[in-house]
Structures are given as C-alpha cells and as structure tokens.
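I opened my notebook to record, entry by entry, what I looked up in this structure. The entries follow the order in which I went through them.

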Amino acid sequence: MRGCSGIFFCDLDGTILPHGRKTVDQAFFDLVRRAQDKGYCFCISSGRYHQSLLSFFKDVENDLIFSASNGCRILHKGTDLIEPHRMEYSTVQAILADFARWDVIPLLSALDGFYVHADHRDHPRVAALLGRDYTHVYKDPSEIPDTMLQMTALCRGNRDELLIKAKERYALDLHVFSTGVQLFDICPTNKGESLKEIRTLLKVREKDSWAFGDDENDLSMLRSAGKGYLMNNAATHLHDQEFEIVDDLIEAIERIMTEHNFQ
C-alpha cells in the first residue's frame, strides 16, 4: 500500500451504502479496481465493528484499508497496521453505569468480539447481532474483557438529549458523537485521527487525501483530509460545515482522479 499517489477515505452507511441498502453496489468495487490501477488507495472508515465492516467488501477486501470502530482499529489484509486504540477499564465501567441510569442499550466493541447484554436479547437491533459469530452475550460487566475499543448507546427515542449529557460528561477525554438513528458512540479516537495516522504511514501528502461522509462522526475525517465532501443526504445542520456537497460518490471520485492526474 506504500507509495500510493492519493487516498480516498469513505464512510460506509449513508455514503458508500445508501440508507436502506443492504449490499454495496458492484460499481463501487469496479471503481476501487480502476483507482488502484491508477495508483490510488481506499480506506473504508466506519463506526462499525471490523468484522461487520469487512463483510460488505469481500470482493475487494485485500485492496482496501479498513478503519473500524471510528478509527479504533485499522486493518489491511486482516493485520493491524497501527496499534488499536483502547479504553481504560475504569472508564468503561463508569460509562456502563451511566448507560444503565440513562436506560440505553449498550453495544460494545472489543478486540475479541462484539458484546451485548443478556437483558436486551429481544430488542430487534440486538437480536440481529446475535446471529453473528463474533457477538458475545454478557450478564455482568465483569465478564467484559479489558480490550474495549468503542462503546455505543442505542437510545429509546431520546438520543439528542442523552448525547448532550454524554458530551458534557466525557468529551474532555473521549470522542462522543452521533452515528445513526438513536445511536451515539464514545471512543478514544476518531476518524480524523485515524486518517492522519494512515496518511503518515503511507507517506501520502495532505493535499492528496479526500474524504466522504454523511454524519457527525465523519466531520473530523472531512476536516483532516486535503478536502472533505459531505453527502447531500446528510442531516440539514451538517450542511453548514462548508464542505462541498456531493450527490454521487463514484462520479465525484472519478472527477477527482481526472483532475488530480492533470495537476
């Protein structure tokens, strides 16, 4: 992956994968191959757990870098490129106590798997996760290993209110941001920091990096890239961030490559 002439950082949900779609369009895989032939790299940057993220890209998995759990884990060909970012165990326990007080459902990303509480088995989102071989059920917080990457809160209709509380309590030391309908994440790093780490590792100049996203957790990535692009379907309040708005991801990347090759 070293020596690529430029790198594209792309969010998955709402960016590569339109909301409501279950699979990535073949046109994106074709784009990756065309771009690779021209010397460009791709990083898929998502809040998803890495095994969930990898499942969408089996056709081109070895051609991509994956920045999972909002940059907590960065992988290429199944190997960590950078030491994973982990949370202090005492902090994890404190956040779990707050989650219990706030009556949110914890969805926990650790190095060895995804953890859900036994009491929430019947919730539709949790039930869907239980069918995956990397999901573990715990009954007591002491059963969770000291390898936490990211903590996600699944709220019950009051996400915006609880997001404010979480930011007030934890944003000085951790990164807290909305990541979907009724979801917010708390983690030790963010997509912007992972973009910088990857760019440094690959020795890519800032101006030769581009990022695409559609949600609050993408803003640090869009700001850290040489140029950031916001998908048109992003929430209205995010359109005030002065990023270029795009409707068609593939068309935008094709245009960038054409213009970049003539610089």
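**Entry 1: an open sheet**

I began with an open sheet of six strands, whose order is β8-β7-β6-β9-β11-β10 and whose pairing is mixed. I noted that strands of a sheet pair through backbone hydrogen bonds, either parallel or antiparallel. The edge strands are β8 (135–138) and β10 (175–180), each of which pairs on one side only. From one strand to the next, the twist averages 25 degrees.

Before going on, I wrote down that this is a predicted model, in which local features need pLDDT of at least 70 and side-chain atom pairs count only at pLDDT 80 or more, while totals for chains, interfaces and linings use all residues. Residues are numbered from 1 along each chain as its sequence is written, and side-chain values use heavy atoms, with hydrogens and water left out.

**Entry 2**

Which way do β10 and β11 run? I found that they are antiparallel, with five bridges joining β10 to β11 (residues 183–187), and that Val176 stands opposite Ile186 in β11. Helix α3 (residues 89–102) packs on the sheet and touches β6 (105–110), β8, β9 (148–154) and β11, where contact means heavy atoms within 4.5 Å. The direction of α3 makes about 5 degrees with that of β9; axes are lines fitted to C-alpha atoms, for helices over the stretch in contact, and angles run from 0 to 180 degrees between N-to-C directions. Helix α5 (residues 159–170) lies across β10 and β11, and runs at about 160 degrees to β10.

**Entry 3: aromatic rings**

How many aromatic pairs does the structure hold? I recorded 13, where rings of Phe, Tyr and Trp (its six-membered ring) pair if their centres lie within 6.5 Å, and planes under 30 degrees apart count as stacked, over 60 as edge-to-face and the rest as tilted. Phe8 and Phe42 form a tilted pair, at 5.2 Å centre to centre and with 35 degrees between the planes. Phe8 lies in strand β1 (residues 6–10) and Phe42 in strand β2 (residues 40–45), so this pair ties together parts that are 34 residues apart in sequence. Phe8 counts as buried because its relative accessibility is 0%, the scale being buried under 20% relative accessible area, exposed over 50% and partly exposed in between (1.4 Å probe, protein chains only). Phe42, at 1%, also counts as buried.

The rings of Phe29 and Phe57 make an edge-to-face pair, because their centres are 6.4 Å apart and their planes stand at 75 degrees. I also noted that ring pairs link Phe8, Phe28, Phe29, Tyr40, Phe42, Phe57, Phe66 and Trp210 into a cluster.

**Entry 4: cysteines and the whole chain**

A search of the whole structure found zero disulfides, a disulfide being a pair of cysteine sulfur atoms within 2.5 Å. Cys72 is in no disulfide, and the nearest cysteine sulfur, that of Cys187, is 4.7 Å away. Cys72 is buried, with a relative accessible area of 1%.

Last, I counted eight helices and 14 strands in the protein chain, and found that 54% of its 263 residues count as buried.

Terms used. Two strands pair if DSSP finds at least two bridges between them. Helices (H or I, at least four residues) and strands (E, at least two) are DSSP runs, numbered from the N terminus.
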